[in-house]
Amino acid sequence: MTKTMKSAGRGPVTDDVTGQFEGQSGDQLVDHPGGHSGGHATVHAGPRSRGHAARRGLTAALAGLVACSVAGPGGMARAEADVDAAKAVVEAHKQIPTFAPPGAPFDAATCMAGKKILSIPVTSAIPFVAGIEEALVEAGKEVGVEIQTWQNQGNPTQWIQGVEYAVSNGFDAVGMTAGIIPSAVGPQLTMAKEAGLRVYATHHADVTNDPDPAADVNLPISYTEVGQIMAAWVIAETGGGANVLVIGSDDVLPSQPYWKSFEAELTRLDPDSKAVYFNVTVPEWATKIQTTAQSALLSDPGINYIVPLYDSMSQFILPALAITGKRGQVPIASFNGTPFVLDLVQNGDVAMDLGESLGWIARSTLDAYMRDLCGTGDVPDELYVPFLIFDESNAETAGVPADYDQGYGDAHVGGYRALWGLE
């Protein structure tokens, strides 16, 4: 089912939500489809695919194999087969991730000797982003690579200053982390390239977004896969017949691919399920998410699941559930693994949070940077970051209270050390 909803107006980022939001924000950061001031956010069919991604192929294959195994005459899958397929995807993503080398081993310490990288995050004010930076610096120390973080408060002028600092101080590369769209500072990055620096962008887009030409290496993550997993969770939990309220932010570049993937997978698993999407821009989270959710719940009492695309949105949805008398009746499932939301999973206010390990993000980022600087010839075109479902059965493994990097196991630590020739 496809619906078009009026988009919330766009504007610059304010400080009222950035302390907990994971992604990018603000008009100057992104170039997104369908999000214009006073316009509409239109949803369409499923996303483009990237055949090289084995993990995403596994997610789709699990659903497809189970559906085919119980297909009726003419190959038509029965409704219960869709639920079984959804449950198979869910169970696969409740297992502690194992490590699969994303490239060939190489002597990282030798080829990176004397090199240094400046990492510029979208903002240092977001704990999730600050955690990636801290993990990146620590991983660099293991190899003997100097990685510095350019502290900033999300102002594009500060990003420009960071690039200029890298050029003036002998850095070999500059990385734009967790939300900066490289073209937003295109002239400065061109200057950096002319000075001999390599330019990277990491954790900033979906795999279906076109690579940004201002960066030498783009490392998106698969929000497309996230959408598929979220849809499988909803079908597994509802048994089909889902009526889902989805709230996203079109000023965050991967939001539309994420939403489209969710909608397409929901329909594929159960044609009788439906979803409606509302766009609330990041600066308006604190003022509009609650009223948007409240109005939707009142206008459609049949809504039986809520999926905020980014888990920090959940804090503004809970009051709407309370006011409408739906708290405890309409579950919430989301993505990121932000600690305070994992705490909400532990106390039952949120049903599920799909998490990603900060340590894994950092090591995958560093691995790609080093492969490029060392000229290994096998630089990946996306981050290698597994996703893990946290629900009532395992949320406490994230810590009490929850932490960003607990509950995922440590396979990535030894795995990357071996890959880099450190053990």
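This note goes through one predicted model point by point, from the overall make-up to single residues.

1. Basis of the note. The model is predicted, so local features are taken where pLDDT is at least 70 and side-chain atom pairs where pLDDT is 80 or more, whereas totals for chains, interfaces and linings use all residues. Residues are numbered from 1 along each chain as its sequence is written, and side-chain values use heavy atoms, with hydrogens and water left out.

2. Overall make-up. The protein has 13 helices and 13 strands, where helices (H or I, at least four residues) and strands (E, at least two) are DSSP runs numbered from the N terminus. Of its 423 residues, 56% count as buried; buried means under 20% relative accessible area, exposed means over 50%, and partly exposed lies in between, with a 1.4 Å probe and protein chains only. Among contacts (heavy atoms within 4.5 Å) with a separation of 6 or more, 78% come from residues 24 or more positions apart.

3. Helix α4. This helix covers residues 127-143, and at 1.5 Å a residue its 17 residues should span 24 Å, which agrees with the 25 Å between its end C-alpha atoms; the expected span is 1.5 Å times one less than the number of residues. The buried residues of α4 include Phe128, Ile132, Leu136 and Val143. Gly144 follows the helix and has a positive phi, near 95 degrees.

4. Helix α12. The 17 residues of α12 should also span 24 Å at 1.5 Å a residue, and the end C-alpha atoms are 24 Å apart, in agreement. Because 16 of its 17 residues are buried, α12 is largely enclosed by the rest of the structure. At its start, a side-chain oxygen of Ser357 comes to within 3.3 Å of the backbone nitrogen of Gly359, and just after the helix Gly375 takes a positive phi of about 65 degrees.

5. The disulfide. The structure holds 1 disulfide, counted as a pair of cysteine sulfur atoms within 2.5 Å. Cys111 and Cys374 form this link, with their sulfur atoms 1.8 Å apart, and the link is right-handed, with 70 degrees about the S-S bond. Since Cys111 lies in helix α3 (residues 108-111) and Cys374 in helix α12 (residues 358-374), the pair ties together parts that are 263 residues apart in sequence. Cys111 counts as partly exposed at 23% relative accessibility, and Cys374 is likewise partly exposed, at 21%.

6. Aromatic pairs. Rings of Phe, Tyr and Trp (its six-membered ring) pair if their centres lie within 6.5 Å, and planes under 30 degrees apart count as stacked, over 60 as edge-to-face and the rest as tilted. By this rule there are 18 aromatic pairs. The rings of Phe128 and Tyr404 have centres 5.8 Å apart and planes at 75 degrees, so this pair is edge-to-face. It links distant parts of the chain, since Phe128 is in helix α4 and Tyr404 is in the loop between β13 (388-390) and α13 (411-419), 276 residues apart. Both Phe128 and Tyr404 are buried. Trp150 and Tyr165 form a tilted pair, 5.1 Å centre to centre with 35 degrees between the planes. Tyr165 is partly exposed, with a relative accessible area of 30%. Ring pairs also link Phe99, Trp360, Tyr384, Tyr416 and Trp420 into a cluster.

7. Asp206. This residue lies in strand β6 (residues 198-206) and is buried, with a relative accessible area of 0%. The side chain of Asp206 reaches two backbone nitrogens, that of Tyr223 at 2.8 Å and that of Thr224 at 2.8 Å. Leaving out residues up to four places away in sequence, Asp206 touches several others, among them Pro220, Ile221, Pro254 and Pro257.

8. Ser249. The loop between β8 (243-248) and α8 (255-269) holds Ser249, which counts as buried at 0% relative accessibility. A polar contact is a pair of N or O atoms within 3.5 Å; within protein, one must be able to donate a hydrogen and the other to accept it, and residues adjacent in sequence count only if both atoms are side-chain atoms.
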